[in-house]
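Please read them alongside the coordinates.

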Amino acid sequence: AEIELRTLRDKNLCVQVGTYCAERDQLFNSCIRKKTSFCCYGTKLARLIQQQGRAQLGINFGSPEHPNCEGLSPEQLGRIDFSKINFSEIFE
């Protein structure tokens, strides 16, 4: 799973949701293991639409502990102003 995530991240197909404390030391109540959550998509186009479309719609990717990576509904897609999405990354 870690190798697959690295491959997807290297292809710029993921959005970093955030980092959280996955394990705490009982004695000192300090964080001893952190995890970073990502939402990854099949193509750069899908990631761009998710990332920039959600920003337009005011929809976030959830919390690092509970990421919301599900796709946008047809109704939500219909509310996105695609003229405001920067697709330049696809043409690089």
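1. The buried residues of α2 pack against β1 (14-24) and α3 (74-78). Here contact means heavy atoms within 4.5 Å, and helices (H or I, at least four residues) and strands (E, at least two) are DSSP runs, numbered from the N terminus. The residues concerned are R47, L48, I49, Q50, G53, R54 and L57; buried means under 20% relative accessible area, exposed over 50%, and partly exposed in between (1.4 Å probe, protein chains only).

2. On provenance: this is a predicted model, in which local features need pLDDT of at least 70 and side-chain atom pairs count only at pLDDT 80 or more, while totals for chains, interfaces and linings use all residues. Residues are numbered from 1 along each chain as its sequence is written, and side-chain values use heavy atoms, with hydrogens and water left out.

3. Helix α2 covers residues 44-57, 14 residues in total. From first C-alpha to last it reaches 19 Å, close to the 20 Å expected at 1.5 Å a residue; the expected span is 1.5 Å times one less than the number of residues. After α2 comes G58, with a positive phi near 75°.

4. L45 also belongs to α2, but it is partly exposed, at a relative accessible area of 40%. Together with I90 and F91, L45 forms a nonpolar surface patch of about 310 Å² accessible area. Areas come from the Shrake-Rupley method with a 1.4 Å probe, and for residues only the protein chains shown count as cover. Like charges are joined within 9 Å, and nonpolar side chains (Val, Leu, Ile, Met, Phe, Trp, Tyr) within 5 Å.

5. Strands β1 and β2 (residues 31-40) run antiparallel and are joined by 9 bridges; two strands pair if DSSP finds at least two bridges between them. E23 stands opposite R33 in β2. The hairpin has 6 residues between its strands.

6. Which residue in that hairpin takes a positive phi near 55°? It is N29, which is not a glycine and sits in the loop between β1 and β2. N29 counts as exposed because its relative accessibility is 52%.

7. N12 is also not a glycine, yet has a positive phi of about 60°. N12 lies in the loop between α1 (2-10) and β1. Its relative accessibility is 32%, so N12 counts as partly exposed.

How values were computed: Patches are made of residues with over 30% relative accessible area and no salt bridge: like charges are joined within 9 Å, nonpolar side chains (Val, Leu, Ile, Met, Phe, Trp, Tyr) within 5 Å. A salt bridge is a side-chain nitrogen of Lys or Arg within 4 Å of a carboxyl oxygen of Asp or Glu.
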